[in-house]
Structures are given as structure tokens and as C-alpha cells.
Amino acid sequence: HKVVAIDSKMKGHITFKYGSKVDKINMNDGRAYVEGDYGSEFPSKWIWMASNHFESSPGSSMLLSVASIPFPNEKSTILNFKGFLGFVYDASSGNIYRFGTYTGASVEVEGFNDGSLKGANQAFIKIYDPQYIIKITAKGNRNEAALLEAPRKNDQGILKMQKFVEEMLDAEIHVVIRKRVDNSVVFDHVGLQGGLEIQF
């Protein structure tokens, strides 16, 4: 993942053309979150979520990605491990809470290994950082999910862009961050209109 903008103001419009029909959507004073992905293939299973619409904490944003990572690589896998990365930006304090495999944090995802997340529309996650415990509850509507293209091998083993990623665009993401030292809450807000993928 590459995070380009954690929260930006928007200016301009988007024009959609459907044959002779044209729709123009005003994006002035809107908010943007921008990130990108690298690599030639997606993991075998993952959860991804992001929101920058915390009504009780304007300007705050978050990202979390948890995936089954092949080691050492896809072609000669010895084992798969659960890798993750993410952040929570608290606009009121200016703090960015970063967490991931690379920081020494650990993650628990309810149902990650037992198949119960296949077709699910909600996820329950706990992250244990050296300084903080982060609890994230995310819920979306899979029936209204957008179907996105991503690289995947076809029946002939050729890598092609295919529509198979279901992204829920109406997710509510509740994030609670507590200090480990005294259990005090430093962030407790709900992100609305979030993106949520639960791909198993």
C-alpha cells in the first residue's frame, strides 16, 4: 500500500457519460482519501478498510489492511502468515497512530482462519501495539458493494484484470484506541461512508 493523502479537501466535479445522458457531480468542499497498491497479484484472502468521515472528529482518518501473505513468495510458498498495516490519524490532537507487522504489533481477526468471513459484511479486529490496544468494528452492505477489477490468474494460469473484488462503500467503522499503561481512551469515534473489503 501507498497512502497518498489521509484527508484532503476537494474542488471540481466528476462527469459521467452514459450514451447520450450526462451526469455532473459537484465535488467542491468534499473530502478525499487516496491510496494505491503495488504488485502483480492480490493475496489469497484479505480485509481492507478506510474512512476519512468521522463526524465527531472532523479531519480524522484511518486505514487497515490485513492479509494472508505467502512466504517467501507466491511461487515457492513455505508458509502463509497474517501480515497487516494501518494507521489512525486523530485530527484533534494531530497524532498519527501507526501499527503493523513492521512495528512489532500483533492482530487478531475474528474468523480469519476458520472460513466464517467468506461472504461476511462485518469484521471484528483487535490490534496489540507496544503502547496501545486498538479495537475496530466494521460493518457494510455487501448487497450494494461495487465490483472492482484486480489482477488474478485465469483458468489457463495467465494473470489478467478480472472483476472479483467486492468493495462495500457504505461501511461504518468504529475505532477505539486505549493506552496499555492505564487503559485510558485516546480515540473513540465512528467513521462513516467507509470503504470495506472482506475477501475470502
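This is a dialogue on how to read a few features of a predicted model.

Trainee: Where does E167 lie, and is E167 buried or exposed?

Mentor: Strands (E, at least two residues) are DSSP runs numbered from the N terminus, and E167 lies in strand β13, residues 159-179. Buried means under 20% relative accessible area, exposed over 50%, and partly exposed in between, with a 1.4 Å probe and protein chains only. E167 is buried.

Trainee: Which side chain of opposite charge is nearest to E167?

Mentor: Lys and Arg count as positive and Asp and Glu as negative, while His and the chain ends are not counted; a salt bridge is a side-chain nitrogen of Lys or Arg within 4 Å of a carboxyl oxygen of Asp or Glu. E167 has no salt bridge, and the nearest side chain of opposite charge, R142, is 11 Å away.

Trainee: Which residues does E167 touch, leaving aside those up to four places away in sequence?

Mentor: Contact means heavy atoms within 4.5 Å. With that exclusion, E167 touches W48, A145, A146, L148, G195, L196 and E197.

Trainee: What does a positive phi tell me, and which residues have one?

Mentor: Most residues other than glycine have a negative phi. D29, which is not a glycine, has a positive phi of about 65 degrees, and D29 is placed in the loop between β3 (21-26) and β4. N183, also a residue other than glycine, has a positive phi near 65 degrees and is found in the loop between β13 and β14 (185-199).

Trainee: Why does D29 count as exposed, and why does N183 count as partly exposed?

Mentor: D29 counts as exposed because its relative accessible area is 75%, whereas N183 counts as partly exposed because its relative accessibility is 48%.

Trainee: Where is E35 found, and how far is its C-alpha atom from that of V66?

Mentor: E35 is found in strand β4, residues 31-36, and E35 is partly exposed because its relative accessible area is 21%. The C-alpha atoms of E35 and V66, which stand 31 residues apart along the chain, are separated by 15 Å.

Key
Residues are numbered from 1 along each chain as its sequence is written. This is a predicted model: local features need pLDDT of at least 70, side-chain atom pairs count only at pLDDT 80 or more; totals for chains, interfaces and linings use all residues. Side-chain values use heavy atoms; hydrogens and water are left out. Helices (H or I, at least four residues) and strands (E, at least two) are DSSP runs, numbered from the N terminus.
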